[in-house]
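Thank you all for coming; I would like to take a few minutes to walk through one model with you.

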Amino acid sequence: MGSQPGREYLLFTIPYEEGWKAWVDGKEVEPMAGLEVFLAVKIPDGTHQVQSRYIPPGLKIGRLLTVISAMLLAF
């Protein structure tokens, strides 16, 4: 990821994994692996607000299994 006019990236020192979501100025953007290991987001030139959130891929199914297990245990 080099610095080219109009092609700027924000590189986090957080390991990249599936499950990351990112927003630039409230608009969802596609996060990517920068330097092959870190989370990176493409941003336009200028000042921006960037947000990121990690949701583990198995979280939804894990929550469902926990609720089902708790219900079975209660009965």
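In which helix is Leu72 found? Leu72 belongs to helix α1, residues 59-74, where helices (H or I, at least four residues) and strands (E, at least two) are DSSP runs numbered from the N terminus. Before I go further, please keep in mind that this is a predicted model, in which local features need pLDDT of at least 70 and side-chain atom pairs count only at pLDDT 80 or more, while totals for chains, interfaces and linings use all residues. Residues are numbered from 1 along each chain as its sequence is written, and side-chain values use heavy atoms, with hydrogens and water left out.

Together with Ile61, Leu64, Leu65 and Ile68, Leu72 makes a nonpolar surface patch of about 490 Å². Patches here are made of residues with over 30% relative accessible area and no salt bridge, like charges being joined within 9 Å and nonpolar side chains (Val, Leu, Ile, Met, Phe, Trp, Tyr) within 5 Å; the areas come from the Shrake-Rupley method with a 1.4 Å probe, and for residues only the protein chains shown count as cover.

The largest nonpolar core has seven residues, namely Phe12, Trp20, Ala22, Val24, Leu39, Val41 and Ile43, a core being a set of buried Ala, Val, Leu, Ile, Met, Phe, Trp, Tyr and Cys residues joined through side-chain atoms within 4.5 Å. Strands β2 and β5 (38-43) each supply at least two residues of this core. Ala22, in strand β2 (residues 20-24), is buried at a relative accessible area of 1%. Leaving aside residues up to four places away in sequence, Ala22 touches, among others, Val29, Pro31 and Val41, contact meaning heavy atoms within 4.5 Å. Val41, counted in the same way, has Leu10, Phe12, Ala22 and Val24 among the residues that it touches.

Which two rings make up the aromatic pair? A search of the whole structure finds one such pair, and the rings of Trp20 and Tyr54 have their centres 5.2 Å apart and their planes at 50°, so the pair is tilted. For the cut-offs, rings of Phe, Tyr and Trp (its six-membered ring) pair if their centres lie within 6.5 Å, with planes under 30 degrees apart counted as stacked, over 60 as edge-to-face and the rest as tilted. Because Trp20 lies in strand β2 and Tyr54 in strand β6 (residues 50-54), the pair ties together parts that are 34 residues apart in sequence. Trp20 counts as buried at 16%, whereas Tyr54 is partly exposed at 32%.

The search for salt bridges also finds one in the whole structure, a salt bridge being a side-chain nitrogen of Lys or Arg within 4 Å of a carboxyl oxygen of Asp or Glu. The partners are Lys21 and Glu28, whose closest N and O atoms are 3.7 Å apart; Lys21 is partly exposed at 36%, and Glu28 is partly exposed at 48%.

Finally, a word on the backbone. Asp25, in the loop between β2 and β3 (27-29), has a positive phi near 55° although it is a residue other than glycine. Leu35, in the loop between β4 (32-34) and β5, likewise has a positive phi of about 55°, and Leu35 counts as exposed at 56% relative accessibility.

Definitions and conventions:
Buried means under 20% relative accessible area, exposed over 50%, partly exposed in between (1.4 Å probe, protein chains only).
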